[in-house]
Amino acid sequence: MIITIISMALVVGGLVFFLGASTGLIRFPDFYTRMHAAGKGDTLSSLLVLLGFAVYQLKDFQSFSENWLVLLVIVKLLGISAFILLTSPTSTHALMDAGWEDEVEPEIQKGRENHLNDDYPKF
Amino acid sequence: MLTKVFATIAVVITGGLLLYGVSDFPAFGDPHSPANAGVGNEESISQYFITQTYKDTKVPNIVTAVLADYRGYDTMFETVVIFAAGIAIFAILRVTGNEAEKKSIKPPLDSSINGDHQRIIVGTTCRIVIPVVQMFALYVVAHGHHSPGGGFQGGVILGASFILVAMSEDLNAALRRFSEKTYLTLACVGILIYAGFGLMCQFLERNFLDYGILQKVLFTDGPEMARSHSMLGVEVGVAFTVTAIMFAIYANLSSRGVLKNGL
């Protein structure tokens, strides 16, 4: 019972972050902020949903000798989580980097243009 | 305008005919359809595969058994199609000599969004991820007859790992590990392995790709295990070709056939 509640909370939390990520993807003004929303929201929400699944697997767990296959599923889910944790932010970074190299202009608040020139190379 | 009207009419008529044809099909998963239940008292082919595959070949994955053994011809020429596609792209795009000088792409800008010039984030992640991806690819190839997977899928994953090397560093770094000579050889070797398994059966006086007789060569207990091992060998051949052609297509497309600098 308590395991079901925990896993449901994790999955619902993940879905909330998914909603935030997709809202940000639609509503934010330029390429960089959109990637920011999509990258962060996607990573965290996928992790939460997968962890929720992993916790739910514990429901049928009685003893190690009988239910070791359940542990195998959990290990696989954790492996997928680790892979997403590693690759999703990197791919977001690579995409932003490609945008910067391709000289996509960021949309900047009036009067704050200067801070871009602080330590970045100019176009 | 008139052409669009006629095109629309043609599309609507064709689509309508197709939908009319679909309505004659049995419902999805219908257990009484001829494909599932057979005609009259005759057993259908799917019933045969489901009941007999494990007895015939000792391979629990029916899909792989059908693809690599019962329908081995089809899979062999699918591999040849992939090989031909790769060779066609190679023949169209690859340039050398003076023309290569003209077509070569300038190396990409040396600046990055976080100010460094090393692409340290992408490089580090790829260094961690690529070995894991390659091991997983080998697992998918080697375990193809026991779980979902096989030569095509594993080969694509393995080829993608080399593409990842090319993307995280540059094309030259990937070509140092997997040169043009290597991948063209590997593509041919893959098909030769597949056809060799078939030809070996012919030398032992059986039909092409009739693996059961290979028990004489592979020293297995019976024709079943010989078929299982031959499927693994054939999958390895497919994986060779697919890996090589995947990387060949990426390398030629991304550098306009010059195989230098690239993306």
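Predicted model: local features only at pLDDT ≥ 70, side-chain atom pairs only at ≥ 80, totals over all residues.
B:Arg71 forms a salt bridge with B:Asp74. Their closest N and O atoms are 2.9 Å apart. B:Asp74 has a relative accessibility of 33%, so B:Asp74 also counts as partly exposed.

Why can such side chains pair? Side chains of opposite charge can pair when their charged atoms come close. Over all chains, the structure holds 4 salt bridges.

B:Arg227 forms a salt bridge with B:Asp69. The closest N and O atoms lie 2.7 Å apart. B:Arg227 sits in helix α12 of chain B, residues 223–254, and B:Asp69 sits in helix α4 of chain B, residues 62–70, so the bridge ties together parts that are 158 residues apart in sequence.

Are these two residues buried or exposed? B:Arg227 counts as buried at 16% relative accessibility. B:Asp69 is buried too, with a relative accessible area of 8%. The cut-off for buried is under 20%.

## A bridge from a helix to a loop

B:Glu180 forms a salt bridge with B:Arg94. Here the closest N and O atoms are 2.6 Å apart. B:Glu180 belongs to helix α10 of chain B, residues 180–203, while B:Arg94 belongs to the loop between α5 (72–93) and α6 (98–103) of chain B, so this pair links parts that are 86 residues apart in sequence. B:Arg94 is partly exposed, with a relative accessible area of 22%.

## Where α3(B) crosses α4(B)

Helix α3 of chain B spans residues 45–57. Its axis and that of α4(B) come within 10 Å and cross at roughly 70°. The two helices are therefore roughly perpendicular.

Which residues meet here? From α3(B) come B:Tyr48, B:Phe49, B:Ile50, B:Gln52, B:Thr53, B:Asp56 and B:Thr57. From α4(B) come B:Ile62, B:Ala65, B:Val66, B:Asp69 and B:Tyr70. The residues of this contact divide into 7 nonpolar, 3 polar and 2 charged.

## B:Thr75 in helix α5

B:Thr75 lies in helix α5 of chain B. B:Thr75 counts as buried, because its relative accessibility is 6%. What does B:Thr75 touch, leaving aside its neighbours within four places in sequence? B:Thr75 is in contact with B:Leu67, B:Ala68, B:Phe152 and B:Tyr194.

Note on methods: Residues numbered from 1 in each chain as written. Chains lettered and ligands numbered in written order. Heavy atoms only, no water. Salt bridge = Lys/Arg side-chain N within 4 Å of Asp/Glu carboxyl O. Helix = DSSP H or I, 4+ residues; strand = E, 2+ residues; numbered from the N terminus. Buried < 20%, exposed > 50% of the residue type's maximum accessible area, 1.4 Å probe, protein only. Axes fitted to C-alpha atoms, helices over the stretch in contact; angles between N-to-C directions. Parallel < 35°, antiparallel > 145°, perpendicular 65-115°, else oblique. Contact = heavy atoms within 4.5 Å. Nonpolar A, V, L, I, M, F, W, Y, C, P; charged D, E, K, R; others polar.
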